[in-house]
Amino acid sequence: MRHLLVCARAMKPGARLYIFVWAGSYPVRGTGKQEVNAEQGWCQNNKWAAGYMDEVTAVFGEGSVFVDANANYICVVKR
């Protein structure tokens, strides 16, 4: 969420933000089951791009966020 807030502050009206999402590897790909490795310091949510729609919309507002489910990315237009 912090990254989204930084992007929102940095963007000028009309600017576009493209967020490409990695949905994880088989067998948990796209399941939304979170994996955490504290030893290596990483976390993988295993969600498709559409799974982040609510979070991104909360920052940028309704009508500013578009999801391409085939390419698995989110496009935001700063209003």
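Helices (H or I, at least four residues) and strands (E, at least two) are DSSP runs, numbered from the N terminus. The model is a predicted one, in which local features need pLDDT of at least 70 and side-chain atom pairs count only at pLDDT 80 or more, while totals for chains, interfaces and linings use all residues. Residues are numbered from 1 along each chain as its sequence is written, and side-chain values use heavy atoms, with hydrogens and water left out.

**Overall layout**
- The protein chain has 2 helices and 5 strands, and from the N terminus on its elements follow the order α-β-β-β-α-β-β.
- Along its principal axes, the C-alpha trace of the protein chain spans about 40 × 30 × 15 Å.

**The sheet and the helix on it**
- An open sheet of 3 strands has the order β1-β5-β4 with antiparallel pairing, where two strands pair if DSSP finds at least two bridges between them.
- The edge strands are β1 and β4 (65-68), each of which pairs on one side only.
- From one strand to the next, the twist averages 20°, with axes taken as lines fitted to C-alpha atoms, for helices over the stretch in contact, and angles running from 0 to 180 degrees between N-to-C directions.
- β4 is joined by 4 bridges to strand β5 (residues 73-77), and the two run antiparallel; the bridge partner of valine 65 is valine 76 in β5, and phenylalanine 66 stands opposite cysteine 75 in β5.
- α2 packs on the sheet and touches β1, β4 and β5, its direction making about 155° with that of β4; contact here means heavy atoms within 4.5 Å.
- β4 and β5 form a hairpin with 4 residues between them, and asparagine 72 in the turn has a positive phi of about 60°.

**The largest pocket**
- On a 1 Å grid over the protein atoms alone, a pocket is an open set of points where a 1.4 Å probe fits, with protein on both sides within 12 Å along at least five of seven lines, and lining residues have an atom within 4 Å of a point.
- The largest pocket has a volume of about 370 Å³, a volume being the space filled by probe spheres set on grid points that are joined across faces, edges and corners.
- Its lining is made up of 16 residues, of which Leu4, Ile19, Val21, Tyr52 and Glu55 lie nearest the centre of the pocket.
- α1 (2-10), β1 (16-20), β3 (42-44) and α2 (53-60) each supply at least two residues of this lining.
- The lining residues divide into 12 nonpolar, 3 polar and 1 charged, with Ala, Val, Leu, Ile, Met, Phe, Trp, Tyr, Cys and Pro counted as nonpolar, Asp, Glu, Lys and Arg as charged, and the others, Gly among them, as polar.

**Local details in the loops**
- A cis peptide bond, with omega about 10°, joins tyrosine 26 and proline 27, and proline 27 lies in the loop between β1 and β2 (35-37).
- Asparagine 46, placed in the loop between β3 and α2, has a positive phi of about 55° although it is not a glycine.
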